Amino acid sequence: MKEKLDENFIKSLLPYALSITRGKEDQWDLVIGAYEYLKKNEEKYKDHPNIKAIAILKMKSLYKDEFRKNKRFTSMTDKEGRDIEIADEKQLDISDKISLSFESKKVLSIIYNMGEKCREILDLALDHKTYKEMSERLDIPIGTVMSRLAKCRKELKGLMA
Amino acid sequence: MIDETKIMQYADGTLPQEEHEEIKKAIEADPKLKELYNTFKETGDLLFNLGNEIKSQPIPKHVQEKINILKTSNKPVPKEFGSFNFFGLFKVQYAGIAAAFCLFFVGGFYTNNFITPKQKDNTGQVTALNQKINELAKELKVTSMEAPKKELKLRSLSSEEEDLQTRIQNLYLYFDDEKFLSEISQVIDELKVNEVFESSLKDNDGKVVKFVLAENFSSKDGNNCKKVKFNEPLRLSGIDKGTDVTLDLCKINENYELSSINFTK
């Protein structure tokens, strides 16, 4: 596996888990679930260039499965007729168990509601990756990293306003 | 025309020194570029600080314990091999009795799922079963193996041919429920869901058996109950590829009692 599954890696999964759980306690369940999956599939993913993406997909599916199991979704159809699932309001409470500030949680929530490309690159920025590291991780040229990052940061600023 | 990525690099402090002067002057001369610079500066600081805040989050104890457990298995392991080994005892000398149990149960019980409470007034069937097991054990002159000391009622679910009773027997050879109850009762009300409890019980390889509080629930009688899971699948027989075992503990008259043992594959 190109990325070491150490404590830093585990913590790097936290932003995404926080964003989809809205800071509820089960964020760590998602993180550990993804970590467990990767540990059990180390051989399978040993040459994978983006293990974090695998972990994020796993967390996403774990979260959806858990919500479906507990019927915490309300299925709706959006304006364009697409099926969407909304977490029940009572599930969106921010837990005091997370010591992130309210503002931080809000920013995380904004980031993870952005398009996939922005989510991906801002998540790496949160992890303090350099442009070069982002380029390697995303397997795109460094120039593309910079232009994408610039675009996403402008978008983030606009969404926070 | 100034490329906005240059402004971003300048704001991030990653622009090569020789380009600083040019960009600095451009920003000072153009309010739009100044605004762009402020945007990058602000979002850069925000992402950096938020990243720090997240990294400073402590990993909860129960998560750390799970990570430590997962770390100990350096090699990728299929589910069934991450298990506690309760089967080591069953080598050559016990193969006979295991086979006997299997044969016996082919005739009587097809189940792989549930053992429910030890109701003393509802155990005729199981008592007969235990007697039969003892007889078989005597016939095979196996003295070190005890029949289950508890009277059990089996709630059967149709399934494939299974060595359930062998697994039950093996579980009880190593799982001292009274000892377990006495230990966990002291901490169970403090345990949080997913928190790991380390018992003094050991498996056949001497590995400490750990449990995880899976959920809190109320029984039909309104008693407070806890579902406690063995932290790893158990290998309870020679053909067992790994059984997830959970224990339902319910508080009755201020004491927790084992109300059911659940076997799932």
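1. Which residues of the largest nonpolar core touch the most other members? They are L13(A), A17(A), V31(A), M59(A) and L122(A), in a core of 51 residues. A nonpolar core is a set of buried Ala, Val, Leu, Ile, Met, Phe, Trp, Tyr and Cys residues joined through C-beta atoms within 7 Å; a buried residue has 20 or more other C-beta atoms within 10 Å of its own, the C-beta atoms being placed from the backbone.

2. The model is predicted: local features need pLDDT of at least 70, side-chain atom pairs count only at pLDDT 80 or more, and totals for chains, interfaces and linings use all residues. Residues are numbered from 1 along each chain as its sequence is written, while chains are lettered from A and ligands numbered from 1 in the order in which they are written.

3. Leaving aside residues up to four places away in sequence, L13(A) touches V31(A), A34(A), A55(A) and M59(A). Another core, of 22 residues, lies apart from the largest one and includes F175(B), F211(B), V212(B) and L249(B).

4. The contact between the chains takes 33 residues from chain A and 27 residues from chain B, where contact requires C-beta atoms, placed from the backbone, within 7 Å. On the side of chain B, α3(B) gives the largest share, twelve residues.

Notes. Two residues are in contact if their C-beta atoms, placed from the backbone, lie within 7 Å. Helices (H or I, at least four residues) and strands (E, at least two) are DSSP runs, numbered from the N terminus. A residue is buried if 20 or more other C-beta atoms lie within 10 Å of its own, exposed if 12 or fewer, and partly exposed in between; C-beta atoms are placed from the backbone.
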